[in-house]
Amino acid sequence: MRSAARGLALVLVALYSLAPFLWQIVTSLKPAHELTSLPPLLPSRIEFASYLAIFSDSPLLRAVVNSLIVAGGTTLLALVIGALAGFALARLRVRRRAAILAGVLVVSMFPPIATVSPLFLLLNALGLHDTLLALILTYTTFSLPLAIWLLTNFFRSIPEELYIASRVDGCTPFQSFYRVMLPLASPGLAAAALLVFIFSWNEFLYALSFTATTASRTVPVAIALFPGLHEVPWGDIAAASVVVTLPLLVLAMVFHRRIVDGLTAGAVKG
Amino acid sequence: MATDRRNREERATLFLAPAGITLSAVMLFPAVYILWLSLERRSLIFGTPQFIGFDNYLRLAHDPQFWNALVNTVYFTVVSVQGELVLGLLMALLLRRPFRGRGLLYAIILIPWAIPTVVSARMWEWLYNADFGVLNYLFQARINWLGNPVWALHAAIAMDVWKSTPFVALLLLAGLQSIPRELYHAAAVDGASRWTMFRRITWPALLPLILVVLIFRTIDAFRVFDSIYVLTGGGPGSSTETVSIYAYKLLFQTLEFGYGSAVAVAILMSVALATVVYAWLLRRVSP
Amino acid sequence: MIFPFGRILLLCCALLIACDKPAPDSPSPTVSVVFKHSKLFGDSSAFDRLISEFELGNPGIRVERQTLPSSSDAQHLFYAINFQAKSSAFDVLAVDIIWVAEFARSGWLRDLNHLLPSGELTAFFSGPIRAVTYEGKIFAIPWFIDAGLLYYRKDLLQQYGFSPPETWDQLVHIARTIVGKETELYGFVWQGKQYEGLICNALEYIWSNGGDVLHERRVVLDSASNRQALEFMRDLVVSHRVTPDFVTTDTEETSRRVFGSGRAVFLRNWPYAWNLFQQEGSMVKNKVGVALLPHFPGHRSVSTLGGWQLGINRNSLHPEAAEKLVKFLTSPRAQRALSLAYGFHPTRKSLYRETELLQAQPLLGQLHDIFEQARPRPVTPFYIMISQVLQSEFSAVIAGVKPADMALQSAQTRVEKILAHGD
């Protein structure tokens, strides 16, 4: 009885999350003149014209590569820097810990539309105009508050005895961090990594403002370049959105194990 | 002993240094820039910049458009964050125990968060379209979702809840996994009901994480811009204009950089205030 | 776990970032002119050919095209950030018709008066020339032109024995009659969302009733004729019931799709929609007619002017080369090529009598008359500020939040304050 109710709930949740996206997929397969007619709900015949179009005419492929580099680089940097800081704030003696956490948080409170101009000036001054590095640097900075707060929380939830035990065994704090604490915090690390990756993948405002050519444009900007002056190619946009969302879903499935099963495999607790 | 403590503090500094350097190197200049601009009358169309002290803030206090935007924003934030939190928690609880195909479902529930905003906002604009949108087709009605001054903000809230619930669910699910199983086993042995287990074990253990999620979702919801701007442009009749949309219009459409920066600072202050209130409230509520 | 994977990623990052900046060109006297414009909808090879032709005729100049998103807002954002930073990363830019005065006053555009001696001015439509003139000098050259017009279902009008309406009341009458006799049909769709397009629509009612926003730097918003015009717009929805209430969400594309699916009798939109209506598979193919927008009795029809102009960045490092490119792209030859390839409407009047163009785009003959009477939105550096005020007030009227007289009074006060600041 309970599992039937649970099963129903799961189906509803899946439908709720999937339905609008399913609609995108349906739209991307419809012939052009049926895009806004309802009925028919489903395409009268399936056409892959939109998918062909987005790869032949547009620099979408290059944009996907750029996005992979930027998102990957950002995730790596933000996680490394964030884990180091989170560990220190959770387990080491830090004066003014609350002030540091608050200060870090303030960074994420600035509205992006206000920071885009001065950041543009700064990045230009550093010679980073129209580069992927500019985006990596920016995204890392704005991902750090979330990463630090999350990782502080996850490191703190690991019982202190484990840390003390590892120190007693002769580890330096760094060794303890690297060998003992990191593996134990892997659900939090994986969750943070996934969120940072998605944020960098989908960020639009800075990507638009700091890049000028297809060599450094990322996915959201490439998609924003689809429409013409008045015309909006809905079929193409729908196809592109399906294509660019899939890598994230694959990543989510890969990380799922880490996030959800991380602690059940041979952890020593209490 | 004193050297030992100093050593520990120095080591802590080493761990914190990369974060400190990155954040200050990138954000120090923008922060000062925005604060300085907010004290200036700087609009390229109006002529040379002048320092005017707090005049921008005085103007802000009497600006009906700002207050309208603030009310819209607060309402939007409160309702959507509550919705996301409740739904996200339910989703996390639902997915907690392993079952076949959980990995796939996990990826599916992440879809709303994973779709780029530039796409999902347009997608919802189409779903909500009164003439050929799927929603009206399914309801067999002609509801003017986005064109009615009362409905529009709620339509935007619904879109945001749909989009952001996975963020909450993802984090709370990771948090749930950190709670040791033995606690539940011991409670079961003592004959505790599921509700008691939730109230006594799950909820307190999750509370710190919920606070983090709450803070970050509030910060993001308060600064919402892209999605609503695409959906309604702030209309109809400015009923969905948020403070960020107002700041955007000032900074990048009417090019009033000084006053726009003041609005940005006001956003910052409001969010900081909300965060402080949260932290205080949750400190009162947690055991 | 993360770290070995991370090391590989870091290596890839380093490699690719290093490869990001291409090796510098071999030393040669070529000057590189960067041209920023919005995405061209269609096959870009025609434009590339045009650019190659320019480069052949101007050895020593290379043109690099960089696209921006078509959204006017996104481009304005981009330019605001770049010009504030005094960037010289681009030389030639495509400027929206409503930005020229603003950019000129902010000192962002190079004075181009010498490129269009007074004899040449009459070769262009007068509306765009007015829009690109600031304090008596020209700051951008009109590149292509757009204006609002009325689309109608000529098959339906013929069936019920109507000819295209000349006054707004006639439009209402025709729409009500036909909608009453048919099913699943709206009378009249247009753009009523709170954005710039709303102002384009609203001005067509205001101007065709003899009113205006500014008259020689005086604000004349709060007038009886303007009140009548705005109330008429609201009446289209509530009392005449020819326009559906979701007009408050409609933009060019959504309204175009409603009409293009055969669900409306009249549509107000830009000329671009015509080709889409005539495409294969379109439900309204060969059923669509085009006409001047109606007017109120005793006045003339007026369309709102749109279109893009070519300007040069004041901070450009290669102004002379940039000027050559601008002259080339606005020449009759280039305008003809772009019109044939992309359906751009030329700003040079002579091209509207060329048989080759008329054969390729039969609508061009009618469009000439429509463009002749099209008027630019108020040409003032404060236009966007004024537009923001009007957008919120007019949207409130159409959505039923405010009555027209209150909205106009409020708009009058607010716009007066804006202009007062400026002096």
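The structure is a predicted model, in which local features need pLDDT of at least 70, side-chain atom pairs count only at pLDDT 80 or more, and totals for chains, interfaces and linings use all residues. Residues are numbered from 1 along each chain as its sequence is written, while chains are lettered from A and ligands numbered from 1 in the order in which they are written.

Chain C is assigned domain 1 (31-146 + 306-372) and domain 2 (149-302 + 382-422), with bounds that come from an automatic or database domain assignment. Between the C-alpha centres of these two domains of chain C the distance is 28 Å. Their contact involves 12 residues of domain 1 and 11 residues of domain 2, where two residues are in contact if their C-beta atoms, placed from the backbone, lie within 7 Å. On the domain 1 side, helix H4 (100-105) and helix H16 (364-372) of chain C each supply at least two residues; H16(C) gives the most, with 3 residues. Helices (H or I, at least four residues) and strands (E, at least two) are DSSP runs, numbered from the N terminus. By class, the domain 1 side holds 5 nonpolar, 5 polar and 2 charged residues. Here Ala, Val, Leu, Ile, Met, Phe, Trp, Tyr, Cys and Pro count as nonpolar, Asp, Glu, Lys and Arg as charged, and the others, Gly among them, as polar.

Turning to chains A and B, 76 residues of chain A are in contact with 70 residues of chain B. The helices that each supply at least two residues of the chain A side include H1 (2-28), H3 (60-91) and H12 (234-261). That side of chain A comprises 55 nonpolar, 18 polar and 3 charged residues.

Back in chain C, four strands form an open sheet of mixed pairing in the order S8-S11-S7-S12; strands pair if DSSP finds at least two bridges between them. Strands S8 (186-189) and S12 (288-291) of chain C are at the edges with a single partner strand each, so one side of each has no neighbour in the sheet. Strands S7 (residues 149-153) and S11 (residues 264-269) of chain C pair in the antiparallel sense over 4 bridges, and Leu150(C) stands opposite Arg268(C) in S11(C).

Finally, Ser106(C) sits in the loop between H4 and helix H5 (118-121) of chain C. Ser106(C) is buried, because 20 other C-beta atoms lie within 10 Å; a residue counts as buried at 20 or more such atoms, exposed at 12 or fewer, and partly exposed in between, with C-beta atoms placed from the backbone. Ser106(C) and Phe124(C) are separated by 18 residues in sequence and by 26 Å in space, C-alpha to C-alpha.
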